[in-house]
Amino acid sequence: MDLSELGVWPGISGQVSLVTGASRGIGKAIAQGLGLQGSYVIGTATTSSGAENISKHLNDCCIEGQGMVLDVNDSQSVESLFSQLAQQEKTPTILVNNAGITRDNLLLRMKEEEWEEVLSTNLSSLYRVCKASLRGMIKNRGGRIINITSVVGLIGNPGQSNYAAAKAGMIGFGRSLAKEVASRNITVNSIAPGYIETDMTAEISESQKEALSVQIPSGRLGKDVDIAAAVIFLASDAGGYITGETLNINGGLA
Ligand SMILES: NC(=O)c1ccc[n+]([C@@H]2O[C@H](COP(=O)([O-])OP(=O)(O)OC[C@H]3O[C@@H](n4cnc5c(N)ncnc54)[C@H](OP(=O)(O)O)[C@@H]3O)[C@@H](O)[C@H]2O)c1
């Protein structure tokens, strides 16, 4: 699928989209997809060189937007991003919490840092970034929050108790926030991808991928654009009455 062939989905053009972790993988495709729909895109990376690459990529795709530095683990970094955006009069009205990491280990061997880092980056980040975004969305009289969780948060996976706990937590967080802000015309939804071909799954060997594909009824791993297309749907007017929901995109795995 080519994101430029999706046609125009109403309600995205003219918005400001903030996509965390847009330097590569799923976030990069989401940023591109929301940009091609006509929104101004702020894509974040953890380094200034990563942010520069995002700006260049958006520019190459003729998308209005910029890369910016953000560490979702650091409240001051979140604060600094939002104050820079306020100075530029760019208020995010579409927020995609995509940044995420894995630190896999069996629980018996898992170090506290591995637990804390995954919970902070994948779950506590939502507290920080959603809270910082809400005031602008309320002022704008509407907004979209889309959180990228995982099939692992629903079905579990050995060696990923930290990741599964964080991803399941994101779903509960989203359901609650959805009820808090629905009257403000802000929707909050989760997308739970299955196995998608990105850096995160690059360590899976070809033979493991083949074994995985047998368990996936569609017979293949997913692509970043499979997730970006669903983000476009939820961010558009077509998704306006969907909130507190989790959309599973996993080729039938679960
Ligand atoms: N790939 C899959 O199979 C799969 C399946 C289910 C769910 N997901 C979820 O989808 C999301 C994207 O996954 P992906 O496979 O595209 O991952 P990826 O290729 O590893 O990219 C991760 C992104 O997150 C950013 N990031 C990492 N730590 C960060 C921090 N502390 N603050 C801000 N940004 C940070 C990275 O920025 P830098 O480049 O600067 O490091 C990068 O842009 C994640 O939430 C992941 O859990 C992925």
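Trainee: Of the 29 residues around the ligand, which come nearest?
Mentor: This is a predicted model, in which local features need pLDDT of at least 70 and side-chain atom pairs count only at pLDDT 80 or more, while totals for chains, interfaces and linings use all residues. Numbering starts from 1 along each chain as its sequence is written. A residue is near a molecule or strand if its C-beta atom, placed from the backbone, lies within 6 Å of it. Around the ligand there are 29 such residues, and those that come nearest are Gly21, Gly25, Gly100, Thr198 and Met200.

Trainee: Which element gives the largest share of the shell around the ligand?
Mentor: Elements here are DSSP runs numbered from the N terminus, with helices (H or I) of at least four residues and strands (E) of at least two. The largest share of the shell is three residues, and these come from H1.

Trainee: How do the residues of the shell around the ligand divide by class?
Mentor: Ala, Val, Leu, Ile, Met, Phe, Trp, Tyr, Cys and Pro count as nonpolar, Asp, Glu, Lys and Arg as charged, and the others, Gly among them, as polar. On that scheme the shell around the ligand has 11 nonpolar, 15 polar and three charged residues.

Trainee: Are helices H1 and H8 roughly parallel or oblique to each other?
Mentor: Two packed helices are described by the angle between their axes and the distance between the axes. Axes are lines fitted to C-alpha atoms, for helices over the stretch in contact, and angles run from 0 to 180 degrees between N-to-C directions. The axes of H1 (residues 25-36) and H8 (residues 224-235) come within 8 Å and cross at roughly 45 degrees. Angles under 35 degrees count as roughly parallel, over 145 as roughly antiparallel, 65 to 115 as roughly perpendicular and the rest as oblique, so H1 and H8 are oblique.

Trainee: Which residues of H8 make the contact with H1?
Mentor: Two residues are in contact if their C-beta atoms, placed from the backbone, lie within 7 Å. From H1 the contact takes Gly25, Ile26, Lys28, Ala29, Ile30, Gln32, Gly33 and Leu34, and from H8 it takes Asp224, Val225, Ile227, Ala228, Ala229, Val231, Ile232 and Ala235.

Trainee: How does H3 lie relative to H4, roughly parallel or oblique?
Mentor: H3 (75-87) packs against H4 (residues 112-139) at an angle of about 25 degrees, with the axes 10 Å apart. H3 therefore lies, relative to H4, roughly parallel.

Trainee: Is the crossing of H3 with H4 left-handed or right-handed?
Mentor: A crossing is left-handed if the near helix is turned anticlockwise from the far one by less than a right angle, and right-handed if clockwise. By that rule the crossing of H3 with H4 is right-handed.

Trainee: Which residues of H4 make the contact with H3?
Mentor: H3 contributes Ser75, Val78 and Phe82. The residues from H4 are Arg128, Val129 and Ala132.

Trainee: At what angle do the axes of H4 and H6 cross?
Mentor: The axes of H4 and H6 (residues 161-181) come within 8 Å. H4 passes H6 in a right-handed crossing, and the angle is roughly 15 degrees.

Trainee: Where does Thr91 lie, and is this residue buried or partly exposed?
Mentor: Thr91 lies in the loop between H3 and strand S4 (94-97). A residue is buried if 20 or more other C-beta atoms, placed from the backbone, lie within 10 Å of its own, exposed if 12 or fewer, and partly exposed in between. Thr91 has 18 such neighbours, so Thr91 counts as partly exposed.

Trainee: Leaving aside neighbours within four places in sequence, which residues are in contact with Thr91?
Mentor: Asn162 is 71 residues from Thr91 in sequence and 33 Å away, C-alpha to C-alpha. The residues in contact with Thr91 are Val16, Leu85, Gly136 and Asn140.

Trainee: What is phi of Cys62?
Mentor: Cys62 lies in the loop between H2 (48-60) and strand S3 (65-69). Cys62 is exposed, with 8 other C-beta atoms within 10 Å. Phi is positive here in a residue other than glycine, near 60 degrees.

Trainee: Is Arg141 buried or exposed?
Mentor: Arg141 lies in the loop between H4 and strand S5 (143-148), and its phi is near 60 degrees. Arg141 has 10 C-beta neighbours inside 10 Å, so Arg141 counts as exposed.

Trainee: Is Pro193 buried or exposed?
Mentor: Pro193 is in strand S6 (residues 186-193). Its contacts beyond four places in sequence include Ile26, Ile148 and Ile227. With 23 C-beta neighbours inside 10 Å, Pro193 counts as buried.
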